[in-house]
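Here's a friendly walk through one protein model. Have the sequence and the 3D view ready as you read.

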Amino acid sequence: MNNTRREFIKKSLMAGVATSVSASSYAKIIGANDRVRVGCVGFSDRHRSSHVSCFKALQKEMNFEMVAVSDIWNKRRDEGQAYLQKELGSKVTKYMNNEELYASNSVDAVMISTADFQHALHTIEAVEAGCDVYAEKPLAETMEDNRAVLKAVKNSGKVVQIGSQRRSGANYHAAEDYIKSGKFGDIVMVELMWNVNQPGRWRRPDLVANLKESDVDWKRYLMNRPYEEFDPRKYLEYRLFWPYSSGIPGQWMSHQIDTVHWFSGLPHPRSVVANGGIYQWKDGRSNADTLTVVFDYGPLDDMSKGFQVQFTSRFSNSAGGTKELYYSNGGMINLDTNEISDNGGLSERHASSMGMKPNKLKSMKLEGVKVATDANTGGDSLTLNHVRNWMECVRSRKKTNAPIEAGYQHSIATIMSNAAYRTGQRVTFDEKNQEVLAGGVPFKY
């Protein structure tokens, strides 16, 4: 790693322990009528397929303009500039890296959709440069990065939206209101499922075959991960390889476990166990293609109360699809069908035999749409709502639907899941030190 890059990473990580808001952050307070200049950090498939269409639909109304793209791969840098200019109709300047981008002082906000392990570090860079941020999930894949980005964002005063778009869905807000009203009763169990049968999911064989080290800045890509020789698969298919991604937990589970924190008000699991493996796609990956994670949730100071969450996912058979099922003693909320029902609830006969009053739920539909879970979701309504909420908050300076705390909390759960799978240990969380413990030892890569 060259000295310039070392200093840039060092400066970014020091943001995590900063104690004052940077001057550049104050200098970029956006006026009510100012045009917001936005940069794309990482011209990814996600940005191309989902962010751009949403941005296009909202840019005129919200007075936002895409003016820059930063990407360390020459192919994506050129493609990004051409695509963004064509789709959005604005002049887009391309930058070889984020140092160049922020040194240009040309952007007020950025949309980050880089590799999973980079989201936290790129968010730190952005807020330190005085920019508001829309950052894809997972926010962080290690607690070191997670703690640093939380502190950096809080100290910066910048607006951050984490790409957990369920938080901008009407049905999810309705479910939150219903649960928190007390009508649902105590949550006793949550079942989460995410199954696909897609051999090519997260694979990019054609691109891998043609990617040369000279096309990318490999050392810059690695950021704070241990150095290893250039591997095009770990650049293009990073979701398959730890420590660049946890795979299933960071990519899929982070969406669903986020709703558990949101609905329950709990910041993280009390403990986690996991099991799984690479049972079907033996293609050199190091992340599981099949995984089951079991969580214990509840008050941190009262072990007599709580509930279990089970998450299961597989790449080898899509039966069951995606499910989010919340259970109480009186019934269930099905966020796949957006229905509340008395399914499985305590019957009057059984309740009376125990001298209890049944809490049978009344059947009703939640307002909203089914969540898009395809590899390419396009400009789905939840993402559109989420981008709109971010834009509105950039102007109002209010907290977004998925603020930095939401990303911090889902990252704790995904890191705990990854630690449980990789160590085979029952994993807990050290509240005092904000550290994930596997067998009583902090989990590292």
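## Before you start

This is a predicted model, where local features need pLDDT of at least 70 and side-chain atom pairs count only at pLDDT 80 or more, while totals for chains, interfaces and linings use all residues. Residues are numbered from 1 along each chain as its sequence is written, and side-chain values use heavy atoms, with hydrogens and water left out.

## The sheet

An open sheet of 11 strands runs in the order β14-β13-β12-β11-β7-β10-β9-β8-β15-β16-β17, with mixed pairing. Strands here are DSSP E runs of at least two residues, numbered from the N terminus, and two of them pair if DSSP finds at least two bridges between them. At the edges sit β14 (364-365) and β17 (441-442), each pairing on one side only.

β15 (residues 427-430) pairs with β16 (residues 435-438) in the antiparallel sense, over 4 bridges. Phe429 has Val436 as its bridge partner, and Val427 stands opposite Ala438. The hairpin has 4 residues between its strands, and Gln434 in the turn has a positive phi of about 50 degrees.

β16 also pairs with β17, again antiparallel, over 2 bridges. Here Leu437 partners Pro442.
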